[in-house]
Amino acid sequence: MQLGMTIPLQKFLRRPAPPYGAPEELGFSWEIHRIIFGGLDTLVAVNAASRFCVAARGMTASDWLELTKTTADLIACGLREESIPYDKLGAYLKQAGEPVITKTHGRKPVAGLNRAVEALVNLDIPLVDDEKFQALHCHFANREVCKCAGYDKKGRPVDFMRELLEQF
């Protein structure tokens, strides 16, 4: 699984630019970014193909230090929250492989990341302060009709992600 780190996240973490990853199917690629959401550091991960997004609010220093593990756990949590069967989730994560930090995956996936962030922050829903994963915000952001890099048609990120997972 490739985690395409945005330049602002690289600067925040004081990391050098990561390498390009080996060519990877967009369905196994995620763009990762940091935003301030409700006053707290938040990690946003968006699937490069489907624009399916997950967000972890209230990131700690240790979360940032273990970014690949934190992101993989967040993605699994977001997919479980959408009632993805464990066998499909397990097969997807196995085929995606170990998470590695890379450069982002192009203009369209990064544009999808930007639109997903807009969808998250523009929702008029109270944040859940004692929960890192913001399930309700992600739920609604993943139901916004949009275009994304992996599909020629308009649709909802959650439906595109379910379609992608049907391959497993």
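Gln134 is found in the loop between α5 and α6. In this predicted model, that residue is buried, with a relative accessible area of 1%. The points below take up Gln134 again, then the helices and the residues in the loops.

**Gln134 and its surroundings**

- Setting aside neighbours within four places in sequence, Gln134 is in contact with Ala55, Arg57, Leu127 and Val128.
- Gln134 counts as buried because its relative accessible area of 1% falls under the 20% limit for that class.

**Helix α5**

- Helix α5 is formed by residues 107-121, 15 residues in total. From its first C-alpha to its last it reaches 21 Å, close to the 21 Å expected at 1.5 Å a residue.
- Its buried residues are Pro109, Gly112, Leu113, Ala116, Val117, Ala119 and Leu120. Viewed down the axis of α5, these buried residues fall within an arc of 160°, so they line one face of the helix.
- The exposed residues Arg107 and Lys108 are carried on the face of α5 turned away from its buried side.
- The cover over the buried residues of α5 includes the strands β2 (29-37), β3 (40-47) and β4 (53-57). Helix α6 (135-141) is also part of what covers them.

**Helices α3 and α4 as a pair**

- Helix α3 spans residues 67-81 and helix α4 spans residues 86-96. Their axes come within 10 Å and cross at roughly 150°. That angle makes α3 roughly antiparallel to α4, because angles over 145 degrees are classed in this way.
- The crossing in which α3 passes α4 is right-handed.
- On the α3 side, the residues that meet α4 are Ala76, Leu79 and Arg80. Their counterparts in α4 are Tyr86, Leu89, Tyr92 and Leu93.

- Lys88, Leu89, Tyr92 and Ala96 are buried in α4. Seen down the axis of α4, they fall within an arc of 100°, so they line one face of the helix.
- Tyr86, Asp87 and Lys94 are exposed on the other side of α4.
- The buried residues of α4 pack against β2, β3, α3 and α7.
- Leu89 and Tyr92 are named both among the buried residues of α4 and among the residues of α4 that meet α3. Tyr86 also meets α3, whereas it is listed as exposed.
- Gly97 follows α4 and has a positive phi, near 80°.

**Gly78 in helix α3**

- Gly78 is found in helix α3 and is buried, with a relative accessible area of 2%.
- Not counting residues up to four places away in sequence, Gly78 touches Phe52, Val54 and Phe133.
- Gly78 and Phe52 are 26 residues apart in sequence, and their C-alpha atoms are 9.1 Å apart in space.

**Asp63 in helix α2**

- Asp63 lies in helix α2, which is made up of residues 61-65.
- With a relative accessible area of 14%, Asp63 is buried, because the class takes in values under 20%.
- Leaving out its neighbours within four places in sequence, Asp63 is in contact with Gly58, Thr70 and Lys132.
- Asp63 and Leu43 are 20 residues apart along the chain, and a distance of 9.5 Å separates their C-alpha atoms.

**Helix α7**

- Helix α7 is formed by residues 157-165, and its buried residues are Pro157, Val158, Phe160, Met161, Leu164 and Leu165. These residues cover an arc of only 160° around the axis, which puts them on the same side of α7.
- Helix α7 is also one of the elements against which the buried residues of α4 pack.

**Loop residues with a positive phi**

- Most residues other than glycine have a negative phi.
- Arg14 has a positive phi of about 55° although it is not a glycine. Arg14 lies in the loop between α1 (7-13) and β2, and it is exposed, with a relative accessible area of 77%.
- Ser83, likewise a residue other than glycine, has a positive phi near 65°. Ser83 is found in the loop between α3 and α4. At 58% relative accessibility, Ser83 counts as exposed, because that class begins over 50%.

Methods. Residues are numbered from 1 along each chain as its sequence is written. This is a predicted model: local features need pLDDT of at least 70, side-chain atom pairs count only at pLDDT 80 or more; totals for chains, interfaces and linings use all residues. Side-chain values use heavy atoms; hydrogens and water are left out. Helices (H or I, at least four residues) and strands (E, at least two) are DSSP runs, numbered from the N terminus. The expected span of a helix is 1.5 Å times one less than its number of residues. Buried means under 20% relative accessible area, exposed over 50%, partly exposed in between (1.4 Å probe, protein chains only). The arc is that of the directions from the helix axis to the C-beta atoms. Contact means heavy atoms within 4.5 Å. Axes are lines fitted to C-alpha atoms, for helices over the stretch in contact, and angles run from 0 to 180 degrees between N-to-C directions. Angles under 35 degrees count as roughly parallel, over 145 as roughly antiparallel, 65 to 115 as roughly perpendicular and the rest as oblique. A crossing is left-handed if the near helix is turned anticlockwise from the far one by less than a right angle, and right-handed if clockwise.
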